[in-house]
Amino acid sequence: MRKVSRLSRFNVASLSLGLAFLYLPILILVIYSFNASRLVTVWGGWSLRWYHEFFNDRAMIEAAWMSLRVAVSSATIATLIGTLAAVALSRGERFRGRTLFSGMLYAPLVMPEVITGLSLLLLFVALNAERGFWTVTIAHTTLTMCFVAVVVQSRLGSLDRSLEEAAMDLGYDPLRAFVAVTLPLIAPAIVAGWMLAFTLSLDDLVIASFTTGPGSATLPIRIYSEVRLGVKPEINAICTLVIALIAVVIVIASLASKLSSSQGESAAPL
């Protein structure tokens, strides 16, 4: 029998300190979002006052709505393009320029966001494009489609291609076999990729600040402009709502990943 190693006190202490370092500031922010006091650092009792202030702040609501529109649009476009790219890399043979295509696709993973944002700004200026909703959406699509491609390609790599080949032996053409067999199996990975792209777009600040225009500020840009003048308790409430939204997205993405793994295991014996 394999011996099960136990966690030492040092490992437990290190893990506890690491988790506290990551999540204790977030917990404090969430608690102080229910603070009744106008002073951020002074506790004045429990209250929903600042959530009420947020929902009555027209500028913040418009920025939040702008962020949601951009996140949904860019995540949908990035999922479509990223999935097609993943299929091309996984199912395509060694076509000419494959290495260059892979490098260009995954470049945003390691490219500093300042460089990406500045290069997109210069592109939009050269094209004389009016900066606003669509420029931010295009920029976020450029940023997030590589993450979708990585998620979908990893799922495609673990699938048994004999399932698709069996469908073609039964009379399906390659496209119908992909839609009927492969697409349902990779659907959880596609959903997980969409959620990851949505989350990355929702909290992006650097690239959006380069590509946005007057009247189209996203929520992170609005929060950053408010924080520079001093942290208001309303900011804590806004950040808490964003944390809750992202937490829900992460949970759904985790469930989708588990479903994808279970489908792969059930399909393997076939």
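Modeller: A residue counts as buried under 20% relative accessible area, as exposed over 50%, and as partly exposed in between. The model is a predicted one. By that scale Trp 134 is exposed, because its relative accessibility is 56%. Phe 133 has a relative accessible area of 15%, so this residue is buried.

Now the rings themselves. The structure holds seven aromatic pairs. In one of them, the ring centres of Tyr 32 and Trp 43 are 5.6 Å apart; the planes stand at 85 degrees, so the pair is edge-to-face. This pair links distant parts of the chain, with Tyr 32 in helix H1 (residues 9-32) and Trp 43 in the loop between H1 and H2, 11 residues apart. Tyr 32 is partly exposed because its relative accessibility is 24%. Trp 43 is partly exposed as well, with a relative accessible area of 35%. Phe 133 and Trp 134 make another pair: their ring centres lie 5.0 Å apart and their planes meet at 75 degrees, so this pair is edge-to-face.

Tyr 32 and Trp 43 also belong to a group. Together with Phe 34, Trp 46 and Tyr 51 they form one aromatic cluster. Phe 133, for its part, has a charged neighbour: Arg 69 lies over the face of its ring, at 4.4 Å from the ring centre.

The largest pocket has a volume of about 260 Å³. Tyr 224 is one of its lining residues, and Asp 203 is another. Helix H10 (219-227) and helix H11 (233-267) each give two or more residues to this lining. Its residues divide into 10 nonpolar, no polar and one charged.

The structure holds one salt bridge. Arg 58 and Glu 62 form it through their side chains, at 3.1 Å from N to O. Both residues lie in helix H3 (residues 58-91), four residues apart, about one turn of the helix. Arg 58 is exposed because its relative accessible area is 64%, while Glu 62, at 45% relative accessibility, counts as partly exposed.

Terms used
Residues numbered from 1 in each chain as written. Predicted model: local features only at pLDDT ≥ 70, side-chain atom pairs only at ≥ 80, totals over all residues. Heavy atoms only, no water. Salt bridge = Lys/Arg side-chain N within 4 Å of Asp/Glu carboxyl O. Buried < 20%, exposed > 50% of the residue type's maximum accessible area, 1.4 Å probe, protein only. 1 Å grid on protein atoms, 1.4 Å probe; cavity = no way out; pocket = protein on both sides within 12 Å on 5 of 7 lines; lining within 4 Å. Points joined across faces, edges and corners; volume = space filled by probe spheres on them. Nonpolar A, V, L, I, M, F, W, Y, C, P; charged D, E, K, R; others polar. Phe/Tyr/Trp six-rings, centres within 6.5 Å; stacked < 30°, edge-to-face > 60°. Lys NZ or Arg CZ within 6 Å of the ring centre and 35° of its normal.
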